[in-house]
Structure formats: C-alpha cells, structure tokens
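Subject: Structure handover

Hello,

Here is the structure I promised to pass on. Please open it alongside this note.

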Amino acid sequence: MEKQNLPVVVVGAGPVGLAAAAHLVERGIEPLVLEAGASAATAVQDWAHVRLFSPWAEVTDPAAEKLLAPTGWTRPDGTTYPTGGDWTGQYLQPLADALGDKVRYGATVTGVARAGRDRIVDSGREEQPFTVHIRTADGGEERITARAVIDASGTWSTPGPMGANGLPALGERTAADRISYRVPDLRDPAVRARHAGRRTAVVGSGASAFTALALLADLAKEEPGTHALWVLRRGIGEATYGGGEADQLPARGALGLRAKAAVEDGHASAVTGFRTEAVERDDERLVLVAEDGRRLEPVDEVIVLTGFRPDLSFLSELRLALDERLEAPTALAPLIDPNVHSCGTVYPHGVKELSHPEQGVYLVGMKSYGRAPTFLALTGYEQVRSVTAALAGDHEAAERVELTLPETGVCGGAGLFDEPGTAQGDEGGGCCAAPATLRIGTGAPAASGGC
C-alpha cells in the first residue's frame with residue numbers, strides 16, 4: 001500500500017486525541033484512534049467528580065463540533081463549567097461515537113518504530129511507514145502500519161512520586177495500599193471510609209492539592225476526627241494559595257482560598273520545607289520521614305499530588321528530540337518552562353515546535369508538555385490543527401497561529417527553588433498540574449472546587 005494511503009494513528013481517545021481525529025477527517029485523511037480503555041477519555045473519567053476551571057466554550061474543538069453537528073449534538077451553555085463526567089458524557093464520548101470505527105478501544109500501544117528499521121538504521125528510514133504494535137484487551141498482539149503517528153496519550157498514567165528527588169520515597173511502593181495519587185472522590189463510600197474520622201497527609205502544592213484539602217475540610221465538618229496534614233516542600237508565602245481574589249481565574253483563586261480556610265479553620269495543618277525521603281510503617285499507619293530527619297506524626301492515608309510525567313517507553317525506537325529537564329520537544333521546552341512561564345504566557349505553537357528528527361511523529365496535548373504543568377486544552381486543539389494541516393501538505397495553515405492567549409492571572413512558577421514568597425508550584429506539579437484545563441480570560445463564577 002502506498003504510504004500516503006495509510007491511516008494516521010492517533011494514540012489516545014482523550015480531548016486532544018479526538019480533536020486530532022476530527023481535524024484529520026476534515027482534511028480528508030483517515031485517522032485510527034487507539035484507546036487503551038473500554039470507552040473514550042478513560043483518564044478524564046477517573047476524575048469525573050472534579051469541576052474544570054474552564055467553561056464549555058473553551059473545552060470543545062471547532063472541527064469536532066462540525067463533526068458532531070449532523071448527529072444533532074448541541075453544545076452545552078458555553079458559560080457553564082463542566083465536571084470531568086460532564087465533559088466525557090456530553091462531548092467526548094459523543095465525539096468518539098461520531099468517529100465510529102475510526103476509534104478502536106481496548107488497544108494498548110506497546111511500541112512504535114519505522115517498519116524494518118530500528119533506531120540506529122539510517123538507510124531508507126524516512127521512506128518507511130511506521131509500525132505500531134498494540135496489545136488487545138484479550139491479550140493478543142497486533143501490528144498496524146501508519147503514515148504518521150500523533151501521540152496524545154497524555155500523562156495521567158504516570159503521576160509524580162512522593163520522593164522529593166523525583167523518585168519514589170523509600171517504602172513508598174510497599175505502602176501502596178495506603179497511598180493514592182488522585183483527588184479523592186468522597187461520594188464513593190469506599191473512598192469516604194478511608195478518610196472519614198482519620199488523618200490524611202496531602203503531599204503537593206498545586207490545584208489538585210487545593211482540591212483535596214477543600215474536600216477533606218468539608219468531610220471534617222461532617223465526620224469528627226477527620227484531619228488533613230498538608231505536606232509542602234517549600235515554605236508558606238504570599239503565593240502559596242495561588243492568586244486568591246487577585247487571580248484572573250476566579251474559580252481557581254476561590255479554590256486556593258478554600259485551601260487557606262481549611263488550614264485557618266483547623267481542618268488541616270501545614271508542614272513546610274518537608275522533602276519526603278522515606279515512608280515507614282507504624283502498625284497500621286504511616287510515618288513520613290524528611291531528608292533532614294524530621295518525622296511526622298502517624299497518618300492513616302497519604303494522597304500524593306505532585307504532578308505528572310510522560311510515558312516514553314513505547315517510543316524508544318524513534319528518534320525524538322526531547323528537553324533533558326522537561327521531557328518535552330526541545331523547540332517547545334523554552335516556551336513552557338514553568339520556571340519562566342505561567343499558563344497564559346505560553347505562546348501558541350504548532351508543528352514547527354512539535355517536530356522531531358523522526359519525521360511524521362508528533363507528541364501533542366499534555367504529552368507534549370512533558371513534566372511542565374501549564375497545559376491548556378485550547379493550546380492542544382491549536383497543536384493538532386497545525387499538525388494535521390502539515391500532514392495534509394497545507395504548510396501555510398500549519399505555520400499560521402490561530403489562537404491568542406491572554407495572560408491568566410498568577411498561575412506560574414519561579415526558578416528560586418526554596419524561596420517561599422516566589423515559588424507557587426511543586427516540583428513536577430505546579431499550580432496548573434490538576435488533570436484539567438484552566439480558564440482563559442475572566443468572568444468565571446466562584447469555584448465549587450475542582451480543576
């Protein structure tokens with residue numbers, strides 16, 4: 001088969017992966033979306049209880065809306081704020097349904113390579129299509145041949161560890177039965193029982209940590225004995241709780257104020273400058289030990305919310321140019337460096353910044369940001385618009401910027417590692433590290449919690 005007649009494989013049926021497929025269809029290019037889960041956006045479904053900072057008007061893609069229109073789909077009120085469950089049920093799954101057999105579920109990508117060429121072979125490399133190895137839901141293995149690969153698999157499957165050095169703390173793995181890496185859904189009776197009337201350590205300083213603290217504070221009002229221990233690697237300064245009332249994203253600012261209230265009202269206590277080195281068992285409870293030898297009082301549960309990182313293992317036979325710190329494309333990394341940029345100061349970018357020495361492979365969405373926490377859904381939609389234009393040979397459209405992002409308040413980090421007054425985000429986490437998009441612009445209502 002001629003290379004140009006092969007499908008473009010899209011890894012992941014999340015918001016950006018499905019948008020990529022919609023843009024490919026609009027360009028007359030056949031997509032094949034490979035989703036490991038049994039339905040669309042399974043990662044988003046994991047935080048279905050969390051509300052986005054962004055309204056509906058900013059979390060749908062124009063090409064996707066065109067694809068949905070003939071089905072009778074109507075965009076929800078653009079000024080309202082969906083939860084992850086709303087986003088999935090009212091937009092992402094209908095979009096996947098509209099794509100039909102162009103989306104394949106239960107297909108886990110285990111490797112991507114050039115057909116007949118391992119990483120070291122130069123001869124004839126660029127003329128070869130890609131071969132995508134998958135594992136099916138029943139344990140079988142298959143190969144799919146593709147003209148290009150768009151990896152929109154995100155970072156949700158690889159949360160950051162508790163250890164301050166980027167590696168799991170000693171004992172972290174063996175204490176896995178008492179450690180979670182997700183914002184708790186306290187509507188679930190089993191999850192509620194893990195925290196009600198108990199002490200929970202929350203490790204992290206971003207929006208996800210704020211959300212967990214606010215939820216645990218609400219639980220403490222109903223269940224005596226419930227208490228959160230907020231473990232911060234830095235000290236508390238003016239920026240610890242985000243922008244508060246000064247935040248141009250009122251929903252996010254209100255969430256930071258709720259976390260502050262949790263501490264001031266006694267439902268949570270903060271431990272600062274604590275860089276976890278080890279987790280020890282104390283009968284049925286856990287004790288966190290810092291690099292400086294400090295030991296915290298025993299806790300019943302630990303929630304680790306220190307950001308996410310990309311899984312690059314199945315791309316090991318491709319020639320990727322990645323920044324050594326962020327694990328993002330080298331041309332993109334300076335634009336998203338959380339030491340310099342906030343969510344809104346990231347310049348819109350496309351195929352030029354997302355290209356690699358291996359032509360025809362692109363990391364998009366959260367995956368493209370590596371360990372940086374400043375990703376916006378609208379930025380991801382612009383990425384795939386540009387990439388698909390390039391794949392269609394429309395280089396003028398690919399190079400054109402069609403999105404302008406105003407600054408979004410105070411969301412951002414600082415390079416001063418231990419200065420409490422200047423550093424907002426956690427290592428690998430940051431104030432934007434919640435698994436969702438952040439609002440662009442102003443006018444959001446007060447937050448009810450969430451991302």
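Predicted model: local features only at pLDDT ≥ 70, side-chain atom pairs only at ≥ 80, totals over all residues.

Helix 1 and its two partners

Two packed helices are described by the angle between their axes and the distance between the axes. Start with helix 1, residues 15–26, against helix 4, residues 84–99. They pack at an angle of about 35°, with the axes 10 Å apart. Their crossing is left-handed. From helix 1, the contact takes Pro15, Leu18, Ala19, Ala21, Ala22 and Val25. Helix 4 answers with Trp87, Leu92, Leu95, Ala96 and Leu99. By class, that contact has 11 nonpolar residues, no polar and no charged ones.

Helix 1 also packs on helix 10. Here the axes come within 9 Å and cross at roughly 35°. This crossing is right-handed. Helix 1 contributes Pro15, Val16, Ala19, Ala20, His23 and Leu24. On the helix 10 side are Gly380, Tyr381, Val384, Arg385, Thr388 and Leu391. The class count for helix 1 with helix 10 is 8 nonpolar, 3 polar and 1 charged.

Helix 10 itself

Helix 10 covers residues 377–391. Its 15 residues should span 21 Å at 1.5 Å a residue, and the end C-alpha atoms are 21 Å apart, so the two values agree. Just after helix 10, Gly393 has a positive phi of about 85°.

Aromatic pairs

A pair of aromatic rings is described by the distance of the centres and the angle of the planes. The count comes to 5 aromatic pairs. One of the pairs is Trp47 with Trp87. Buried means under 20% relative accessible area. Trp47, at 5%, therefore counts as buried. Trp87 is buried too, at 3%.

Tyr369 and Phe375 also form an aromatic pair, and this one is edge-to-face. The distance is 5.3 Å centre to centre, with 85° between the planes. Both Tyr369 and Phe375 are buried.

Best wishes

How values were computed:
Residues numbered from 1 in each chain as written. Heavy atoms only, no water. Axes fitted to C-alpha atoms, helices over the stretch in contact; angles between N-to-C directions. Helix = DSSP H or I, 4+ residues; strand = E, 2+ residues; numbered from the N terminus. Left-handed = near helix turned anticlockwise from the far one by under 90°. Contact = heavy atoms within 4.5 Å. Nonpolar A, V, L, I, M, F, W, Y, C, P; charged D, E, K, R; others polar. Expected span 1.5 Å × (residues − 1). Phe/Tyr/Trp six-rings, centres within 6.5 Å; stacked < 30°, edge-to-face > 60°. Buried < 20%, exposed > 50% of the residue type's maximum accessible area, 1.4 Å probe, protein only.
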